[in-house]
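Here is a set of questions and answers for a reader meeting this structure for the first time. Please look over the sequence and the model before reading on.

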Amino acid sequence: MKKEKVFEITHHSILETAKELFLTSGYKNTSTRDIAKAVNITQPALYYHFSNKEVLFIEINKQIGSQLKQEIEQIQYASDSLENQLINCTNALLNVYHRDIFSFIHQSAAEMEQENKQKLFYILNDYYLKPLQAIFETSQTPLNTKVSSKKAAQFYLMSLSLLFSTVHQLSTEKERSEQIAELMDMVLHGVIA
């Protein structure tokens with residue numbers, strides 16, 4: 001096999017393995033040693049592909065964010081109610097993340113150098129918040145005049161932490177759908193009658 005092909009296969013394997021480990025165990029609890037061992041390479045070989053754990057984590061978040069941004073944009077252009085669009089966005093996020101994305105990125109950033117923190121927050125803003133903000137901006141349902149589309153997107157994303165704590169423990173798709181619908185109702189209509 002050609003050297004370039006081996007490099008490409010190893011690079012892809014590192015990304016996929018690291019993504020699964022980070023999503024399952026978290027940034028703090030995943031070491032480059034763990035990733036190298038799972039890929040069946042040495043740590044120096046891993047560092048040949050990615051200079052450090054932070055760079056690898058940022059690359060994984062770019063990939064995940066890019067995929068989810070495309071899904072959110074497709075949801076935005078589908079003619080559907082705001083509530084259904086948010087339910088579809090929630091399902092897209094739940095299909096990737098095993099934990100609350102907002103907390104996941106913020107907790108991971110706490111461990112990073114300032115420059116990499118900024119890159120991570122750029123990803124959060126451009127790949128998640130801006131596409132969600134666009135959903136609120138283009139919706140036929142008007143927002144409360146005191147709430148900007150940016151604040152609505154932030155509130156929606158932060159509200160998902162309630163869901164992430166329980167949804168992966170639910171046994172049926174019906175229970176998951178009901179819980180998501182209940183949360184979207186609270187996000188859009190509040191908690192008082």
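**Aromatic rings and a cavity**

Q: In this predicted model, is Tyr-48 buried or exposed?
A: The relative accessibility of Tyr-48 is 63%. A residue counts as exposed when its relative accessible area is over 50%, so Tyr-48 is exposed.

Q: Which kind of pair do the rings of Phe-7 and Tyr-48 form?
A: A pair of aromatic rings is described by the distance of the centres and the angle of the planes. For Phe-7 and Tyr-48 the centres are 5.9 Å apart and the planes stand at 85°. Planes over 60 degrees apart count as edge-to-face, so this pair is edge-to-face.

Q: How many residues apart in sequence are the parts that the pair of Phe-7 and Tyr-48 ties together?
A: Phe-7 belongs to helix H1, while Tyr-48 belongs to helix H3, which covers residues 43-49. The pair therefore ties together parts whose separation in sequence is 41 residues.

Q: Which element gives the largest share of the lining of the largest cavity?
A: The largest cavity, with a volume of about 30 Å³, is lined by residues including Lys-19, Phe-22, Phe-57 and Phe-104. Two or more lining residues come from each of helix H1 (3-25) and helix H4 (53-77). The largest share, four residues, is given by H4.

Definitions and conventions: Residues numbered from 1 in each chain as written. Predicted model: local features only at pLDDT ≥ 70, side-chain atom pairs only at ≥ 80, totals over all residues. Heavy atoms only, no water. 1 Å grid on protein atoms, 1.4 Å probe; cavity = no way out; pocket = protein on both sides within 12 Å on 5 of 7 lines; lining within 4 Å. Points joined across faces, edges and corners; volume = space filled by probe spheres on them. Phe/Tyr/Trp six-rings, centres within 6.5 Å; stacked < 30°, edge-to-face > 60°. Buried < 20%, exposed > 50% of the residue type's maximum accessible area, 1.4 Å probe, protein only.
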